[in-house]
Structure formats: C-alpha cells, structure tokens
Amino acid sequence: MAVEFIGIDPDTDRDHCPTVWADAEAQEILLQGWKPSTETQADCEASSPANGPVPESEAIVRIPARMIPMIREACDAIERAQLR
C-alpha cells in the first residue's frame, strides 16, 4: 500500500493530531480524527439511512474545518492517480 502523507492539523499539539493521507493505489483517503461524543455518535447514526449502528469495522471521526484544504489535496492525489 503506497500511502502518501498529505497533512496534519496545523493547530496540533502533536499528541492529538487529526491527519490526512491518500492511498492512490487503493483509491482511498485515510483520516485520523477525534472520536465523537456518545451523543454525536447517536445523532449521526439516527440521521443515517443505514440500518443500525456503525459497525465495529468502521468509525465516525471528527475533522476540523481548517483541514479542508488537506482533504481536497488528498482528493486531488487520488484523481491524479486515476489519470495515469
């Protein structure tokens, strides 16, 4: 798996670090973020068209809006790989 580091939260304390990577080979974006509160998790699950709670193999993560440029960059990296 060829994972490309895209960026880390510019306001990080280096202990709690929302991070973005791109895996062009798998055509996936990987995100590290904060876990939502129990209430937020329940709100997300209640508003989802999926059947039931988030499976153990999946997660909801919180990413600060200041990281939107990094997420866009990761999307661009995946799209560039598709054009090769």
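A: Asp23 is found in strand β2. The strand covers residues 19-23. Helices and strands here are DSSP runs, numbered from the N terminus: helices are H or I with at least four residues, strands are E with at least two. This is a predicted model, so local features need pLDDT of at least 70 and side-chain atom pairs count only at pLDDT 80 or more, while totals for chains, interfaces and linings use all residues. Residues are numbered from 1 along each chain as its sequence is written, and side-chain values use heavy atoms, with hydrogens and water left out.

Asp23 counts as buried because its relative accessibility is 1%. The cut-offs are under 20% relative accessible area for buried, over 50% for exposed, and partly exposed in between, with a 1.4 Å probe and protein chains only. A polar atom of the Asp23 side chain lies 3.2 Å from the backbone nitrogen of Glu25. That is a polar contact: a pair of N or O atoms within 3.5 Å, where within protein one must be able to donate a hydrogen and the other to accept it, and residues adjacent in sequence count only if both atoms are side-chain atoms.

Thr19 also has its place in strand β2. At 5% relative accessibility, Thr19 counts as buried. Its side chain reaches the backbone oxygen of Cys17 at 2.6 Å. Contacts are heavy atoms within 4.5 Å. Beyond its neighbours within four places in sequence, Thr19 is in contact with Phe5, Gly7, Ile8, Leu30, Leu31, Gln32 and Met67.

Next, the nonpolar residues. A nonpolar core is a set of buried Ala, Val, Leu, Ile, Met, Phe, Trp, Tyr and Cys residues joined through side-chain atoms within 4.5 Å. The largest one here has eight residues: Ile6, Val20, Ala22, Met67, Met70, Ala74, Ala77 and Ile78. Strand β2 and helix α2 (68-83) are the elements that give two or more residues to this core. Helix α2 gives the most, with four. In soluble globular proteins, nonpolar side chains tend to be buried together. Ala77 touches Glu4, Ala22 and Ala24, not counting residues up to four places away in sequence.

Now the charged side chains. The structure holds two salt bridges. A salt bridge is a side-chain nitrogen of Lys or Arg within 4 Å of a carboxyl oxygen of Asp or Glu. Asp9 forms one with Arg66, the closest N and O atoms being 2.6 Å apart. This pair links distant parts of the chain, 57 residues apart: Asp9 is in the loop between β1 (3-8) and β2, and Arg66 is in the loop between α1 (38-47) and α2. Asp9 is buried, with a relative accessible area of 1%. Arg66 counts as partly exposed, at 39% relative accessibility.

Arg66 also meets Asp11 in a salt bridge, at 3.4 Å from N to O. This pair again links distant parts of the chain, 55 residues apart, with Asp11 in the loop between β1 and β2. Asp11 is exposed, with a relative accessible area of 55%. Shared partners join Asp9, Asp11 and Arg66 into one network of salt bridges. From Asp11 to Ala46, 35 residues apart along the chain, the C-alpha atoms are separated by 31 Å.

Pro36 lies in the loop between β3 (28-32) and α1. Pro36 is buried, with a relative accessible area of 13%. Leaving aside neighbours within four places in sequence, Pro36 is in contact with Gln41, Ile60 and Arg62. Pro36 and Ser57 are 21 residues apart in sequence and 16 Å apart in space, C-alpha to C-alpha.

Finally, the whole chain. The protein chain has two helices and three strands. From the N terminus on, the order is β-β-β-α-α. Buried residues make up 21% of its 84 residues. Among contacts with a separation of 6 or more, 52% join residues 24 or more positions apart. The C-alpha atoms fill a box of roughly 40 × 35 × 20 Å, taken along the principal axes. The accessible surface comes to about 6100 Å², and 51% of that belongs to carbon and sulfur atoms. Accessible areas come from the Shrake-Rupley method with a 1.4 Å probe; for residues, only the protein chains shown count as cover.
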